[in-house]
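Hi,

I am passing on the structure below, with some notes on what turned up in it. Please have a look whenever you have a moment.

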Amino acid sequence: MDTAVKQSPAPVAEKPSGAYRNLAMATVGFALTFWAWNLIAPMSADYKDRLGLSSFQQSLLVAVPVLVGSLGRIPVGALTDKYGARLMFPLISALTVVPVLLLIPAKDSYGAMLAVGFLLGLGGTTFAIGIPLVNSWFPPADRGLALGVFGMGMGGVALSGYFTPRMAKHGDNLPFLVVAGALVVYAALAAVLVNDRPGRQVPTDTLAHRLGAASRLRVTWELSALYAIGFGGIVAFGVYLPTYLKTWYELSPTDAGTKAAGFALVTVVFRPIGGWLSDRMHPALVTAAALGLAALMAIVQAFDPDLTPGGTVALLCMAAGLGTASGSVFALVSQVTPQAKVGSVTGIVGATGGLGGFVPPLVMGAIYSAKGSYSIGFMLLSDLALAGCVYAYGRMRTIQRDA
């Protein structure tokens with residue numbers, strides 16, 4: 001009897017203060033590192049003019065951090081399973097300071113910008129740290145909403161889109177110095193305030209074995225596909241929407257950044273709504289409805305409506321659908337994944353979601369360069385979202401909630 005007591009982890013419900021403190025710290029850290037991750041995109045039009053880039057080169061510049069940050073979630077998620085968020089959050093936040101500051105001397109060279117963008121991808125990996133941390137602190141009945149609140153940290157993209165170009169008007173280097181300073185402060189606070197849940201299961205096998213075990217789960221790849229559409233769409237629009245609005249609707253960089261920030265803000269608001277709804281009905285149904293809305297709005301935008309009001313309404317409704325789907329998919333992850341594997345599965349699912357955001361900017365840039373139109377790109381998005389809607393409803397709703 002004594003042995004059983006010693007092996008039982010401390011009940012999460014008995015430590016609400018610890019749970020909410022860790023949720024708050026994880027969300028703030030996620031937002032700051034995502035701001036850093038997205039520092040290049042709001043300034044991409046300026047880099048295009050300064051360096052004489054083609055549309056494809058501009059798209060590649062903003063897509064490289066997305067690719068690296070997405071793939072980096074796989075090892076970072078597995079390392080979080082092993083070493084815990086208490087170590088990983090302050091460590092990754094502090095390391096992200098380096099590429100942020102390197103953006104200052106690299107700004108006049110395309111090759112240097114690509115290299116720094118590669119390193120900047122480190123900021124996009126914290127997603128795989130926060131999900132297992134939050135998942136461990138909250139019981140299943142409240143987990144969807146908690147994960148959705150954490151997901152609001154992707155509002156760092158909106159913060160970057162709104163504040164980065166405005167700060168740059170007061171000094172080319174100011175955005176990078178401010179973000180670097182904020183990351184240093186956060187890393188110091190996280191070292192003190194972030195705690196792993198008492199009784200956390202620590203895997204004893206190797207990194208390769210844990211990733212292999214996670215990759216052999218069918219649900220890992222099913223959820224990866226859905227997340228690639230939902231979150232991938234958010235990332236894609238986060239990095240490419242300023243370019244699209246500036247090119248197609250001829251907005252100034254500041255106006256384009258502001259409207260892109262509005263899009264990102266809507267996705268942030270609807271992500272916890274997706275999690276909250278998933279606590280009350282099967283998350284597959286929420287995902288199907290959300291992706292169906294995104295598919296419909298992508299079709300509307302493919303017909304190039306005027307920005308006011310048609311284009312604005314279509315883009316904001318699309319943002320609502322994608323944000324809701326992102327929240328509901330990870331509510332499903334938390335229900336069907338063993339706690340000790342959440343980090344590894346999260347890493348793979350999160351990586352695939354980020355990769356879903358890497359391809360569309362390149363496709364949109366290539367299509368516009370070839371055809372002078374974005375309509376084909378929006379129709380492709382609608383096809384993918386509709387496929388996800390059908391699969392979520394037809395297959396994923398058969399997965400049962402855990403006890």
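Rings of Phe, Tyr and Trp (its six-membered ring) are paired if their centres lie within 6.5 Å, and the planes are called stacked under 30 degrees apart, edge-to-face over 60 and tilted for the rest. By this rule there are 11 aromatic pairs. In one of them, F34 and W37 are tilted, at 4.6 Å centre to centre with 50° between the planes. Both residues belong to helix α2 (residues 16-37) and sit 3 residues apart, about one turn of the helix; helices here are DSSP runs of H or I with at least four residues, numbered from the N terminus. F34 is buried at 1% relative accessible area, and W37 is buried at 6% (buried is under 20%, with a 1.4 Å probe and protein chains only). F30, F34, W37, F127, F150 and Y227 make up one aromatic cluster.

This is a predicted model: local features need pLDDT of at least 70, side-chain atom pairs count only at pLDDT 80 or more, and totals for chains, interfaces and linings use all residues. Residues are numbered from 1 along each chain as its sequence is written, and side-chain values use heavy atoms, leaving out hydrogens and water.

Now to a helix pair. α5 (residues 85-106) packs on α10 (residues 174-193) at about 165°, with the axes 8 Å apart (axes are lines fitted to C-alpha atoms over the stretch in contact, and angles run from 0 to 180 degrees between N-to-C directions). That makes α5 roughly antiparallel to α10, the term for angles over 145 degrees.

Best wishes

Definitions and conventions:
Helix = DSSP H or I, 4+ residues; strand = E, 2+ residues; numbered from the N terminus. Parallel < 35°, antiparallel > 145°, perpendicular 65-115°, else oblique. Buried < 20%, exposed > 50% of the residue type's maximum accessible area, 1.4 Å probe, protein only.
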